[in-house]
Amino acid sequence: METITMSVNELVKAIATNSEKTQKEVREIVDVMKDVVIEQLREASEDVNVVVKVLPGISITAGYVDAHEARDPRTGDTIKVAPKISVRTKIGPSFKEAVNQ
């Protein structure tokens, strides 16, 4: 199966082409959006989950994961995993439906 990948630069060009913005303006917006999303997701903690709705139908969630034990897939040994903030992306049904029309 072939995979088609759109890079950030290609996305910027496509947005600039379909809007009245220059590539430089679009790139600045994308960069600021990335910074704002990361800044917001960093607010996640043991007591607070953070959800950022990036586009209609696409959200990014950051949430705390307690320390736990896991299995190393290479060796089969049990390892200890430190507590961390897990980041996940969710694609909503409206987005999936739009792609499949």
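The following legends describe close-up views of a predicted model.

**View A. The largest pocket and its lining.**
The largest pocket of the predicted model has a volume of about 410 Å³. Its lining comprises 14 residues, of which Leu-11, Val-30, Met-33, Val-54 and Leu-55 are the closest to the pocket centre. Two or more lining residues come from each of the elements α1 (8-17), α2 (23-41), β1 (50-55) and β2 (58-65). Helix α2 makes the greatest contribution to this lining, with six residues. Classified by residue type, the lining of the largest pocket contains ten nonpolar residues, three charged residues and one polar residue.

**View B. The largest nonpolar core.**
Seven residues make up the largest nonpolar core: Val-37, Leu-41, Ala-44, Val-50, Val-52, Ile-60 and Ala-62. At least two residues of this core are supplied by each of α2, β1 and β2. When residues up to four places away in sequence are not counted, Val-37 touches Val-52 and Ile-60, both of which are members of the core.

Ser-59 belongs to strand β2. The relative accessible area of Ser-59 is 13%, so this residue is classed as buried, the cut-off for that class being under 20%. With neighbours within four places in sequence left aside, the contacts of Ser-59 are Val-51, Val-52, Lys-53, Val-54, Arg-88, Thr-89 and Lys-90. Among these contacts of Ser-59, Val-52 also belongs to the largest nonpolar core, and Val-54 is one of the residues closest to the centre of the largest pocket.

Ile-85 is located in strand β5 (residues 84-91). Its relative accessible area is 35%, and Ile-85 is therefore partly exposed, a class that lies between the 20% limit for buried residues and the 50% limit for exposed residues. Apart from neighbours within four places in sequence, Ile-85 is in contact with Ala-44, Ser-45, Ala-62, Gly-63 and Tyr-64. Of these contacts of Ile-85, Ala-44 and Ala-62 are members of the largest nonpolar core. A separation of 28 Å is found between the C-alpha atoms of Ile-85 and Arg-27, which are 58 residues apart along the chain.

**View E. Asp-31 in helix α2.**
Asp-31 forms part of helix α2, the element that gives the most to the lining of the largest pocket. With a relative accessible area of 35%, Asp-31 is partly exposed. The C-alpha atoms of Asp-31 and Val-87 are separated by 19 Å, and the two residues are 56 residues apart along the chain.

Key
Residues numbered from 1 in each chain as written. Predicted model: local features only at pLDDT ≥ 70, side-chain atom pairs only at ≥ 80, totals over all residues. Heavy atoms only, no water. 1 Å grid on protein atoms, 1.4 Å probe; cavity = no way out; pocket = protein on both sides within 12 Å on 5 of 7 lines; lining within 4 Å. Points joined across faces, edges and corners; volume = space filled by probe spheres on them. Helix = DSSP H or I, 4+ residues; strand = E, 2+ residues; numbered from the N terminus. Nonpolar A, V, L, I, M, F, W, Y, C, P; charged D, E, K, R; others polar. Buried < 20%, exposed > 50% of the residue type's maximum accessible area, 1.4 Å probe, protein only. Contact = heavy atoms within 4.5 Å. Core = buried A, V, L, I, M, F, W, Y, C linked by side-chain atoms within 4.5 Å.
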